[in-house]
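Let's walk through this structure together, one region at a time. Please keep the sequence and the 3D view open as you read.

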Amino acid sequence: MNGDYDLAIIGGGINGVGIAADAAGRGLRVILCEQNDLASGTSSASSKLIHGGLRYLEKFDFALVRESLHERKILVKTAPHLVHPLRFIIPLHHLRRKDFLIGLGLFFYDCFGKSKEFARSKRIAFTHDNADPLQSFIARGYEYEDAFTDDARLVITNAIRAARRGAKIANYVKCIDATRQQDHWQITLLSQFNRTTTTVTAKALINATGPWLKETLNASLHGESQYNVRLIKGSHIVVPKLYAAPRAYLLQTQDNRVVFTIPYHQFTLIGTTDIEFKGDPALATISDEEKHYLCNVVNQYFQTPITTADIVQAFSGVRALYDDNAADPAKITRDYKLELSGKDCPLINVFGGKLTTYRKLAEKTLDLLKPFFPHLPEAWTDKQPLPGGDLPGSFSQFCEDLAHQYPWLPSSLTQRYAYQYGTLCHTFLNQTSRIEDMGQHFGHGLYAREVRYLVENEWAHTTEDILWRRTKLGLQFSAAQTKDLAEWLVTNSNCS
Ligand SMILES: Cc1cc2nc3c(=O)[nH]c(=O)nc-3n(C[C@H](O)[C@H](O)[C@H](O)COP(=O)(O)OP(=O)(O)OC[C@H]3O[C@@H](n4cnc5c(N)ncnc54)[C@H](O)[C@@H]3O)c2cc1C
């Protein structure tokens, strides 16, 4: 890992890897360090929506909504395996926002997000037949389209994009010190596995540590910022499927927020909350109050009630929002701010942002770096497919072709590979012609061949890396199956 780089990036969340990929693609020598696993911070705890954010229109955040919807259009094209249009229903509730206000908001949303991939919104009436899960007092609503992704896989895929263009990606490596020398940064990195330190140098440094931004800036970079961050915890619960249809619901809450119910593997994902947070972001967990809050919102709309006993998984993430002095946590801007300092060896602090806008954020970061790297080529990430996204035709055609090419694979597995890896799945399916070629079966369609691919190509080290971020098989794996996988990892790779 020793070496001399143009750009060092601290933080392997979506913003860090997005910047790494863009910079490496423009010929910079890049190193990215992540203290834990890639996407182990906020970037695997989001609602997984690639969206404009309908409710930001209420705050007149038109620029953010417009930019996000533009990014949605780019991502659905460049990552067609990872970013999928999804139909959303907004049930109208007589005690919540006025019908015409929602209609007006959707009118703007349609105008800003106009594209052939996303259908226009429309007003609907509920039939209350067997397929309709809503309570009978809800007579009308709206339908609109947004997009859903796998946040952690979007991070990993961008890391692959960066590595393919020469970036060094080092997970489980913490930046413990970065000191400005005359014309470069001297950066000390600590391996979390063997506790050894390494020193690298870089001309420019990016602090993309999300909720750890201030701590990293003060403790490791010996710096300060003119901006403040607000740490806001958001939690989700996962429950057995609330309804069969592949659609999401946007539920308006009594406290003027919104809660989504989103199809999530064989389950429904419900979130989120907005709660001021203090302490170590790594320790953020859902409280009983949040669990009850989310269940209560669902029970105000759906026929079949849920209780906290139905929760099969819960997770919390901490938004590091750029502090615009809003009193209500839900009303703080979701826009980002980039703070540049230093004349010869720059530092850029990344404040706030959304999963949706990471690509644009990376481009703007590179714009700020241009004076320090005068021969930097033009932006490129809006046109090139992300790794695995180079599909010859539509995504559904790709799924069909894959089933045809590997007829011996169970269809559920072909589907999972298509959604998770796109064309990257050929890397480990290559030269296989029967299920036995896939090696040891750990359960739920996880075979040794895929695990080996993840260790060798996607920086996976632990069972958690594999079961919760590279795949979501953790939702199904038993303790005994996880133990088998852990043992295999010890025997077959240099990691635990
Ligand atoms: C509940 C919730 C729901 C959300 N839903 C959506 C949504 O649906 N759509 C959307 O667009 N956005 C959503 N967001 C916002 C989005 O998730 C975040 O904006 C985004 O993930 C932030 O990415 P990041 O890279 O800045 O931070 P992170 O993902 O937190 O990455 C920062 C990384 O830095 C690492 N790090 C910290 N210190 C060091 C160090 N010293 N050395 C090395 N590494 C270090 C951390 O381990 C961490 O992995 C949501 C956020 C939350 C909390």
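**A walk from strand to ligand**

Proline 263 is found in strand β13; helices (H or I, at least four residues) and strands (E, at least two) are DSSP runs, numbered from the N terminus. With 23% relative accessibility, proline 263 counts as partly exposed, where buried means under 20% relative accessible area, exposed over 50%, and partly exposed in between (1.4 Å probe, protein chains only). The C-alpha atom of proline 263 is separated by 8.3 Å from that of alanine 245, 18 residues apart along the chain.

A word on the ground rules: this is a predicted model, in which local features need pLDDT of at least 70 and side-chain atom pairs count only at pLDDT 80 or more, while totals for chains, interfaces and linings use all residues. Residues are numbered from 1 along each chain as its sequence is written, and side-chain values use heavy atoms, with hydrogens and water left out.

Now look at the loop between β12 (247–252) and β13 (258–264), which holds threonine 253. Threonine 253 has 3% relative accessibility and therefore counts as buried. Its side chain makes a polar contact of 2.5 Å with the side chain of aspartate 255. A polar contact is a pair of N or O atoms within 3.5 Å; within protein, one must be able to donate a hydrogen and the other to accept it, and residues adjacent in sequence count only if both atoms are side-chain atoms.

Next comes strand β11 (residues 229–240), where ten of the twelve residues are buried. Which strands pair with β11? Two strands pair if DSSP finds at least two bridges between them. β11 runs antiparallel to β16 (residues 313–322) over ten bridges, and glycine 234 stands opposite glycine 317 in β16. β11 also pairs in the antiparallel sense with β14 (residues 267–271) over five bridges, with isoleucine 270 in β14 as the bridge partner of isoleucine 237. Two bridges link β11 to β15 (residues 275–276), again in the antiparallel sense, and there isoleucine 232 stands opposite glutamate 276.

Threonine 272 lies in the loop between β14 and β15, and a cis peptide bond with omega of about 15° joins glycine 271 to threonine 272. Most residues other than glycine have a negative phi, and most peptide bonds are trans. Alanine 39, in the loop between β2 and β3 (49–50), has a positive phi of about 65°. Alanine 39 is also buried, with a relative accessible area of 1%.

Finally, turn to the ligand. It is surrounded by 38 residues, the closest being Glu34, Ser43, Leu49, Gly353 and Thr356; a residue is near a molecule or strand if one of its heavy atoms lies within 4 Å of it. An N or O atom in the side chain of asparagine 15 is 2.9 Å from an oxygen atom of the ligand, and a backbone N or O atom of threonine 42 lies 3.0 Å from a ligand oxygen atom. Taken alone the ligand exposes 1000 Å², and the protein buries 96% of that; accessible areas come from the Shrake-Rupley method with a 1.4 Å probe, and for residues only the protein chains shown count as cover.

Where does the ligand lie? Domain 1 (3–43 + 152–228 + 333–369) and domain 2 (77–149 + 229–331) both give residues to the shell around the ligand, so the ligand lies between them; the domain bounds come from an automatic or database domain assignment.
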